[in-house]
Amino acid sequence: MGRFRTSVALAVLVATVGVASASAAPSGQSGVRALRSLDLAIVAQLNVVRAQHGLRRLTVAPGLAASARVHSREMAGSGVFEHDSPNGTLWWKRIRLTYGPVGYHSWSVGETLAWLSSPATAADVMTMWLNSPEHRAIILGTTWNQLGVSAVQTSDAPGDFGNAAATIVTADFGVRSR
């Protein structure tokens, strides 16, 4: 069984907007394991799908990857499957911490989430997202030129995950222009 959520937001911000440093992953998550090979496979699959639709390839942005990494770990630790951070930070403000608008004329970010029973493959994640009109729209969006993906696995995710094994994926999409 899998679950997913999606959000898209656009923002045009002036250069006076400050960017804070990224927060570290929550402590006490020794049972949460990063799945770097799954991250890379999802990025590759996203780009294959985009190419099949005549869209440009997305490149990995370190700031988007950092935001995705923090959020996947936060969800696994808190047991809350939601775009906004457990501390109440709005999802786009979380992304802005590591992929900010300073020095850019326009800035836009979007996010997709997935939660699947462990283990999960990139094909599993892509099938879920492509079968959802909202996720499909983000994946095939012409706005984006960068992304960051983070998948984590835990054997006993609390809360929304029912204390069960889960693979949790955050994909953050972005574009900035001068």
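1. This is a predicted model, and the protein averages a pLDDT of 85, with 83% of the residues scoring at least 70. Among the elements, strand 3 (residues 59-60) has the highest mean pLDDT, 98, whereas strand 1 (residues 2-11) has the lowest, 39. Over residues 4-29 the pLDDT is below 50, although this stretch still has 68 contacts in the model beyond near neighbours in sequence. Where pLDDT is low, the predicted coordinates should not be read in detail.

2. Strand 6 (residues 164-177) pairs with strand 4 (residues 106-116) in the antiparallel sense through eleven bridges, and with strand 5 (residues 146-157), also antiparallel, over ten bridges. Ten of the 14 residues of strand 6 are buried, so that the strand is mostly covered.

3. In the hairpin of strand 5 and strand 6, six residues lie between the strands, and Gly159 takes a positive phi near 55°.

4. Helix 1 (residues 36-52) and helix 4 (residues 122-130) have axes that come within 9 Å and cross at roughly 45°, which makes helix 1 oblique to helix 4. The crossing in which helix 1 passes helix 4 is right-handed. On the side of helix 1 the contact is made by Leu38, Ala41, Ile42, Gln45, Leu46 and Val49, and helix 4 contributes Ala122, Ala123, Val125, Met126, Trp129 and Leu130.

Methods
Residues are numbered from 1 along each chain as its sequence is written. This is a predicted model: local features need pLDDT of at least 70, side-chain atom pairs count only at pLDDT 80 or more; totals for chains, interfaces and linings use all residues. Side-chain values use heavy atoms; hydrogens and water are left out. pLDDT is the predictor's confidence in each residue, from 0 to 100. Helices (H or I, at least four residues) and strands (E, at least two) are DSSP runs, numbered from the N terminus. Contact means heavy atoms within 4.5 Å. Buried means under 20% relative accessible area, exposed over 50%, partly exposed in between (1.4 Å probe, protein chains only). Two strands pair if DSSP finds at least two bridges between them. Axes are lines fitted to C-alpha atoms, for helices over the stretch in contact, and angles run from 0 to 180 degrees between N-to-C directions. Angles under 35 degrees count as roughly parallel, over 145 as roughly antiparallel, 65 to 115 as roughly perpendicular and the rest as oblique. A crossing is left-handed if the near helix is turned anticlockwise from the far one by less than a right angle, and right-handed if clockwise.
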